[in-house]
Amino acid sequence: MLAQEIIRAKREGHALDEAQIQHFVRGLVDGSWSEGQVAALGMAVFLRGMGRDEAVALTRAMMRSGRVLDWPDMPGPVLDKHSSGGVGDKLSLMIAPMVAACGGYVPMIAGRGLGHTGGTVDKLEAIPGYTTAPAPADFDRIVRALGCAIIGQTGDLAPADKRFYAVRDITATVESVPLITASILSKKLAAGLQGLAMDIKCGNGAFAATPEFGRELAQSIVDVAGGAGLRTRALITDMNQVLGWEVGNALEVRGAIEYLTGGKPREARTHELTLALCAEMLVLGGLAADAAAARVKLQAALDSGAAAERFARMVAALGGPKDLLEKPADYLAVAPVVRPVPAPRGGRVTGMRTRDIGLVIVELGGGRRLPGDALDMRVGLDRFIQVGDIVAAGEPIAFVHAADEAAAERAIAQVSGAVVIDDVAAPWESAPLVMAEVG
């Protein structure tokens, strides 16, 4: 079987059969497909698309390209959640211990930041000593003992996806629904899951900028996951504003700790979406009859401190400090410069250019310009105003945490320009947080 003939078939719009797809995936792993050939097939799929059966075959083949985790004799369902990426989205840090406290087992293999969006692994590495790459036996042991562990992707899980994605990233073929679907699901299936809740971000701070693209991606993931044997539900959620009060690695960890411990009132949108995604996971795993019953269990896990305890034990088991929840200020790095962002005028906040706000974090040093860049865990934004809030001129709409005064000044100007403030009397209606449900 020749690589160029497989490329030709897809270029002409034909469906690839399972043997052709397996040949391609083997070539990704053993190097028998050149980078040019991989790029050519990626572009052919980008332009011609893939049917459901093709996407299922690609997903399964990439899943089997490396180690596939198995969880024999697990006393509860193996569940996970995945987000397509947002600004201020720290929900994985809360969801894993909350679901574990309700009887689920969450072997969460998370990613790093991509472009303007933050990554769960980067946030966790703001915790001194926390290892995101434990030995496989330790990962297995911690999940079984505590119900959750959040780590980074290892090189032996879906290695075909790692190479394919790297080529797509430099050939303008990332935004392909079947390829995004196969990339996400190959890693989740390799984790040995029995249920998956997807959070498809949609809006000006998301990769899915329009509701149409968001629904297409959500439907594709649900359909292909089902075809591969993984029960999946997807929520399409609003990313036209920062999610929560904090953006930045150490700041988001601090926010997650405050959420889990109830150290201060929980931000409303963050709380609602966390409960919604956790509830989907409990229902998928048979741990609750419906979403309403699931929410009761989840709130009890928060109120009793059981969820916070799971998080604390997970951090300690993966090398972090045992008293992080009691003394976060002793461990989470603090920026030397903290400056308010004054509202340029009074009125109601009616919008944000959310992607621009995410890029502010990158410019402060909290995100990567190049793959190997080291991150400044201290920097970011907190006490961020929410859409719908009313402010007076000069009142802080956020606080910048920066490495120096010059960086703080640039960030203040950028954040100020990215927040839309209109007259209080102007017509305004809040957008729904959960825009649609699929599955």
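Modeller: Start with Glu409 and Arg339, whose side chains form a salt bridge with an N to O distance of 2.7 Å. Glu409 belongs to helix 17 and Arg339 to strand 6, so this pair ties together parts that are 70 residues apart in sequence. Bear in mind that the model is predicted.

Arg339 has another partner. The side chain of Glu405 also meets Arg339 in a salt bridge, here at 2.8 Å from N to O. Glu405 lies in helix 17, which covers residues 405–418, and Arg339 lies in strand 6, residues 337–342, so the contact joins parts 66 residues apart in sequence.

Next, how open are these side chains? Glu405 falls in the class of partly exposed residues with a relative accessible area of 44%. Arg339 counts as partly exposed too, at 22% relative accessibility.

Lys327 forms a salt bridge with Asp323, and their closest N and O atoms are 3.8 Å apart. That distance qualifies because the cut-off is within 4 Å. Lys327 is partly exposed, at 42% relative accessibility. Elsewhere, a network of salt bridges links Asp89, Asp199 and Lys201. The structure as a whole holds 25 salt bridges.

Methods
Residues numbered from 1 in each chain as written. Predicted model: local features only at pLDDT ≥ 70, side-chain atom pairs only at ≥ 80, totals over all residues. Heavy atoms only, no water. Buried < 20%, exposed > 50% of the residue type's maximum accessible area, 1.4 Å probe, protein only. Helix = DSSP H or I, 4+ residues; strand = E, 2+ residues; numbered from the N terminus.
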